[in-house]
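Colleague: I have some questions about the labels used for this model. Please set each value against its cut-off.

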Amino acid sequence: MEFYQYFTAFLAVVFFIFVILLIRRDSILMGAAFRWLILAISILVLGVFPQVADIAAGWVGIAYSPILPVILACLLLMLKALIADIERAKTQVKMDRIAQKLAMVEMELEQLKQNKRAGS
């Protein structure tokens with residue numbers, strides 16, 4: 001094995017262990033934990049066995065096999081950005097609804113205070 005293979009294998013193992021520790025500590029939400037686990041396993045396989053990229057690139061017809069993980073990484077980053085935007089939009093809708101409900105409760109409280117003053 002070449003030096004770069006030891007280096008990539010080391011980085012892949014460190015990343016895998018880091019993701020596993022974050023999942024065990026509940027630092028990653030359950031919905032995202034599965035995606036991170038799949039990503040960590042994929043990186044581990046490609047880091048320890050870089051020949052898998054050559055085989056996969058041959059299957060899809062890519063002549064320069066190191067570009068396949070780069071393409072997949074770009075695709076995953078775009079997918080992650082899309083998922084983050086969707087989650088942000090959902091959170092914004094929830095916050096807007098909570099603000100509306102709070103405004104209604106405050107208005108109702110103010111009306112109750114006014115009724116109490118008028119009744120006194």
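**Labels and their cut-offs**

Modeller: Start with the loop between α1 and α2, where aspartate 26 lies. Helices here are DSSP runs (H or I, at least four residues), numbered from the N terminus. This is a predicted model: local features need pLDDT of at least 70, side-chain atom pairs need 80 or more, and totals for chains, interfaces and linings use all residues. Residues are numbered from 1 along each chain as its sequence is written, and side-chain values use heavy atoms, without hydrogens and water.

Colleague: Why is aspartate 26 called exposed?

Modeller: Its relative accessible area is 62%. Exposed means over 50%, buried under 20%, and partly exposed in between (1.4 Å probe, protein chains only). At 62%, aspartate 26 is therefore exposed.

Colleague: What makes the phi of aspartate 26 worth a remark?

Modeller: Phi is positive there, about 60°, although aspartate 26 is not a glycine. Most residues other than glycine have a negative phi.

Colleague: Now the helices. How do you know how α1 and α2 run relative to each other?

Modeller: The axes of α1 (residues 3–24) and α2 (residues 30–48) cross at roughly 160° and come within 8 Å. Axes are lines fitted to C-alpha atoms, for helices over the stretch in contact, and angles run from 0 to 180 degrees between N-to-C directions. Over 145 degrees counts as roughly antiparallel, under 35 as roughly parallel, 65 to 115 as roughly perpendicular, and the rest as oblique. So α1 and α2 are roughly antiparallel. Their crossing is left-handed: the near helix is turned anticlockwise from the far one by less than a right angle.

Colleague: Which residues of α1 and α2 meet?

Modeller: From α1, they include Gln5, Phe15 and Ile23; from α2, they include Trp36, Leu44 and Gly47. Contact means heavy atoms within 4.5 Å. The residues of this contact divide into 16 nonpolar, 3 polar and no charged.

Colleague: What makes glutamine 5 buried?

Modeller: A relative accessible area of 12%. Glutamine 5 is in helix α1. Not counting residues up to four places away in sequence, glutamine 5 touches Gly47 and Pro50.

Colleague: How many aromatic pairs does the structure hold?

Modeller: It holds 2. The ring centres of phenylalanine 3 and phenylalanine 7 are 6.5 Å apart, with planes at 20°. Rings of Phe, Tyr and Trp (its six-membered ring) pair if their centres lie within 6.5 Å; planes under 30 degrees apart count as stacked, over 60 as edge-to-face, and the rest as tilted. So this pair is stacked. Phenylalanine 3 is exposed at 67%, and phenylalanine 7 is partly exposed at 43%.

Colleague: Why are phenylalanine 15 and tryptophan 36 called tilted?

Modeller: Their planes stand at 55° and their centres are 6.3 Å apart, so the pair is tilted. It links distant parts of the chain: phenylalanine 15 in α1 and tryptophan 36 in α2, 21 residues apart. Phenylalanine 15 is partly exposed at 24%, and tryptophan 36 is partly exposed at 33%.

Key: Helix = DSSP H or I, 4+ residues; strand = E, 2+ residues; numbered from the N terminus. Nonpolar A, V, L, I, M, F, W, Y, C, P; charged D, E, K, R; others polar.
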